[in-house]
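These are my notebook entries on a single protein chain.

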Amino acid sequence: MQTAIPCSVLRGGTSKGLYFLASDLPPEPATRDAVLLAALGSPDVRQIDGMGGAHPLTSKVAVLSPSGREGIDVEYLFLQVVVDKAEVSDAQNCGNILAGVGPYAIEAGLVPGGDPYTDIVIYMVNTGATAVARVETPGGRVNYAGDARIDGVPGTAAPVPIDFRHIAGSSCGALLPTGNAVDEFDGVEVTCIDNGMPVVVLNAADFGLRGDENPAELEANSTLRERVESIRLQAGRRMNLGDVSAKTVPKMSLVSAPVAGGDINTRTFIPHRVHEAIGVLGSVSVATACVLPGSVAQKLVVGKPADGERRFEVEHPTGFFTVEMDVACCATVATLEVKRAALLRTARLLMRGEVMVPASVWEGGR
C-alpha cells in the first residue's frame with residue numbers, strides 16, 4: 001500500500017524541489033522527515049526510488065502554511081534532504097527555493113492573486129527573517145513566462161524580485177558572529193559572516209588555487225576538501241552553530257579576484273559538494289563581506305565605494321549573481337549596517353499532483 005500526498009515540483013532560482021502544504025504532511029517532525037526521505041528517495045546516491053535529482057540542489061523541500069503573524073502572508077519552512085544519508089536538515093534557509101514560494105502560495109490558494117502583480121510577505125521559519133517576493137499575476141493568475149534571465153538556468157522566465165528584511169545574524173545571532181572581520185583557523189585567515197546565510201569566506205590563493213577551477217576539479221581534490229572541512233568544523237563552533245559535523249551550514253566560499261568583469265569570484269562548498277552556481281543568501285553574505293573593512297573578501301574588491309546603494313556582481317561557475325545592497329559603513333566592523341539586500345530570481349511550476357510514499361512510512365495515515 002502507498003499513501004498519496006499532494007505536492008508540486010517547482011524550479012526556484014537555480015534549485016529544484018518539492019513544495020507541500022504543511023497540512024498535507026505529518027505534524028510530528030520525525031514522521032514528516034521519514035516521509036520526505038521516502039518521497040525524495042534518500043538515502044541513495046541516485047535517489048532512483050524517489051523524486052530527488054541526485055544532487056543537493058535538486059533534493060530540497062518547501063513546506064508552506066498560512067500565517068497568523070501580523071503583516072505576514074505565508075510561512076515557509078525549508079528542508080534540505082541529504083542525498084546519500086537518512087538526514088533532513090532545517091539548519092538553513094534557501095533563497096533559491098524561496099523564489100518558488102510566492103507562486104506556489106498563490107497556486108495552492110494560500111494567497112489571492114492581485115493584478116498585475118502580487119507582493120507576498122514571507123516569514124522564513126528556519127531563521128525568523130522576512131522576505132517580500134513580487135509575483136507577476138495578470139488577471140490574478142501566476143505568470144511564469146518572461147524575459148528575465150539568471151545564470152545557471154537555461155532560457156528566460158518572469159522575474160521574481162525578492163527583498164530581504166532583518167536577515168543579518170538570522171542563524172548565528174550577529175552579522176559577525178565571532179565579532180571579528182578576520183579569524184584564523186589552521187593558519188588560514190577567514191571571514192565568518194551571516195547576512196541571511198552563515199558563510200566562511202576564504203581566499204582561494206591560500207589553498208594554492210587560482211579560484212576559477214570547475215566544481216568537479218575541486219570536489220576531486222581530497223586534500224582541499226579535508227582542509228576546508230577542518231576549518232568549517234572549527235568555525236561552526238565560533239559562529240554559535242555548535243557541532244556542525246552533521247549540519248549543512250556554514251557554507252564555505254573560496255573567493256578570488258574577478259575573472260569575468262564582476263566584483264568578486266566564488267567557488268562555494270555547500271558544504272561538501274561544490275555549488276554549480278552560488279546560493280541566493282550565500283551570495284548576499286559574500287557581497288556583505290565585500291564591504292566589510294579588512295575582510296578576506298574586501299581585500300580583493302577594487303574601486304567600489306563602501307557606503308550607500310551598491311550593486312555587486314558575484315561571479316560563480318556558471319555566470320553572475322547580482323546583489324543590490326544599501327549599506328551604511330563604517331569606521332569599524334561593529335558599525336557596519338546593511339539597510340537592504342535585494343536580488344532577482346525566477347521560478348517555474350514543473351509539475352503538480354501527488355507523490356507516493358509507502359503507507360508504512362506514514363505511521364498512522366492522515
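**Entry 1: Backbone exceptions**

I located Pro 271 in the loop between S13 and H6; helices (H or I, at least four residues) and strands (E, at least two) are DSSP runs, numbered from the N terminus. I noted that the peptide bond joining Ile 270 and Pro 271 is cis, with omega about 0°. The model is a predicted one, in which local features need pLDDT of at least 70 and side-chain atom pairs count only at pLDDT 80 or more, while totals for chains, interfaces and linings use all residues. Residues are numbered from 1 along each chain as its sequence is written, and side-chain values use heavy atoms, with hydrogens and water left out.

I found another cis peptide bond from Ser 42 to Pro 43, with omega near 0°. Pro 43 belongs to the loop between helix H1 (29-40) and strand S3 (60-66). I recorded these bonds because most peptide bonds are trans, and most residues other than glycine have a negative phi.

Gln 47 is found in the loop between H1 and S3. Gln 47 is not a glycine, yet it has a positive phi of about 50°.

**Entry 2: Asp 186**

I next looked up Asp 186, in the loop between S9 and S10. Asp 186 also has a positive phi, of about 50°, although it is not a glycine. At 47% relative accessibility, Asp 186 counts as partly exposed.

Which residues does Asp 186 touch, not counting residues up to four places away in sequence? I found Ser 230, Ile 231 and Gln 234, where contact means heavy atoms within 4.5 Å. The side chains of Asp 186 and Gln 234 make a polar contact at 3.0 Å. A polar contact is a pair of N or O atoms within 3.5 Å; within protein, one must be able to donate a hydrogen and the other to accept it, and residues adjacent in sequence count only if both atoms are side-chain atoms.

**Entry 3: Helix H5**

I checked the length of helix H5 (residues 222-238): at 1.5 Å a residue, its 17 residues should span 24 Å, and its end C-alpha atoms are 25 Å apart, which agrees. The expected span is 1.5 Å times one less than the number of residues.

I listed Leu 224, Val 228, Glu 229, Ile 231, Arg 232, Ala 235 and Gly 236 as buried in H5. What covers the buried residues of H5 includes strand S9 (183-185), strand S10 (188-194) and helix H4 (215-219). Just after H5, Asn 240 takes a positive phi of about 70°.

**Entry 4: Helix H6 and the cores**

How many of the residues of helix H6 (residues 280-290) are buried? I counted 11 of the 11, so H6 is largely enclosed by the rest of the structure.

The largest nonpolar core has 87 residues, and Tyr 76, Leu 98 and Phe 164 are among those with the most contacts inside it. H6 gives the most to this core, with seven residues. A nonpolar core is a set of buried Ala, Val, Leu, Ile, Met, Phe, Trp, Tyr and Cys residues joined through side-chain atoms within 4.5 Å. A second, separate core of 20 residues includes Val 9, Leu 18, Leu 40 and Val 357.

**Entry 5: Aromatic rings**

I found one aromatic pair in the structure. The ring centres of Tyr 19 and Tyr 104 are 5.7 Å apart and the planes are at 55°, so the pair is tilted. Rings of Phe, Tyr and Trp (its six-membered ring) pair if their centres lie within 6.5 Å; planes under 30 degrees apart count as stacked, over 60 as edge-to-face and the rest as tilted. Tyr 19 lies in strand S2 (residues 15-21) and Tyr 104 in helix H3 (residues 101-107), so the pair ties together parts that are 85 residues apart in sequence. Both Tyr 19 and Tyr 104 are buried.

I also noted Arg 69 over the face of Tyr 123, at 3.8 Å from the ring centre. Arg 134 lies over the face of Tyr 117, at 3.7 Å from the ring centre. A charge sits over a ring if NZ of Lys or CZ of Arg is within 6 Å of the ring centre and within 35 degrees of the ring normal.

Definitions and conventions: Buried < 20%, exposed > 50% of the residue type's maximum accessible area, 1.4 Å probe, protein only.
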